[in-house]
Amino acid sequence: MKTAKTSSPEVCTTQEAAHILGISVSSVQQLVEAGIIEAWKTKGGHRRIPLTAVHAYKATPGSAGDAGEHGRSHVAQRAGNGRTAVLVIEDNQLQRELYAKVLASWNLPLDLVYCENGYKALLEIARSKPDVVLADIVMEGMDGYEVVKTILNDPQLRDVSIAIASSLDKDEMAQRGGIPAGVVFFPKPINFDELRGYMRACCARREREAR
């Protein structure tokens, strides 16, 4: 992020950017710090973001403005229909394709959304509030732990069921802080019979809530 002495009239604050994108201020700050959205700081340390950068990001497939083929919001579609919205966060394309093939074969009432990184996942979570999040732990940039911590620290997301998947062993998991309370852990390679049981339970909960 650059530092500048002056700012253009065509800029906005992080709060204004968050409003435009429909996400939290902290999510905007993370996107700025990662260099995904261009910004600079004033002498007083305040972030200033070009409006063109905000709107360019909003128009990016998978961003707040356009969630793409697998990232569109399903809130309106599933309202009152008892279907369960599942967000899968996985940076490996082959693993995403495997999830898509296997989960679709179960014929469960699932609306599946896929994100390939933590930044896009935060945007999707803020916009659509999925019922279930299944997150890979080790990813480039923002890893699964950061996404999970964001969910756990947001009172508005207390009803989201969270599962994490990783090939890390117990010692490596402990070094990263262990498995948070209330979060289900699936070691990789995934045991899909166990995952199917978990998804069935999530669907049953969603169906009860929709009555």
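Reader: What share of the 211 residues is buried?
Author: Buried means under 20% relative accessible area, exposed over 50%, and partly exposed in between, with a 1.4 Å probe and protein chains only. This is a predicted model, in which local features need pLDDT of at least 70, side-chain atom pairs count only at pLDDT 80 or more, and totals for chains, interfaces and linings use all residues. Residues are numbered from 1 along each chain as its sequence is written, and side-chain values use heavy atoms, with hydrogens and water left out. Of the 211 residues in the protein, the buried share is 45%.

Reader: Are helices H1 and H3 roughly parallel or roughly antiparallel?
Author: Axes are lines fitted to C-alpha atoms, for helices over the stretch in contact, with angles from 0 to 180 degrees between N-to-C directions. The axes of H1 (residues 14–21) and H3 (residues 51–58) come within 10 Å and cross at roughly 30 degrees. Angles under 35 degrees count as roughly parallel, over 145 as roughly antiparallel, 65 to 115 as roughly perpendicular and the rest as oblique. H1 and H3 are therefore roughly parallel.

Reader: Which residues of H3 does H1 meet?
Author: Contact means heavy atoms within 4.5 Å. On the H1 side the residues are Ala17, Ile20 and Leu21. In H3 they meet Leu51, Val54, His55, Tyr57 and Lys58.

Reader: Which residues does the cis peptide bond join?
Author: The loop between strand S9 (184–187) and helix H10 (192–210) holds Pro189. The bond has an omega of about 0 degrees and joins Lys188 and Pro189.

Reader: Is Asn107 buried or exposed?
Author: Asn107 lies in the loop between helix H6 (93–105) and strand S6 (110–115). Although Asn107 is not a glycine, its phi is positive, at about 55 degrees. With a relative accessible area of 71%, Asn107 is exposed.

Note on methods
Helix = DSSP H or I, 4+ residues; strand = E, 2+ residues; numbered from the N terminus.
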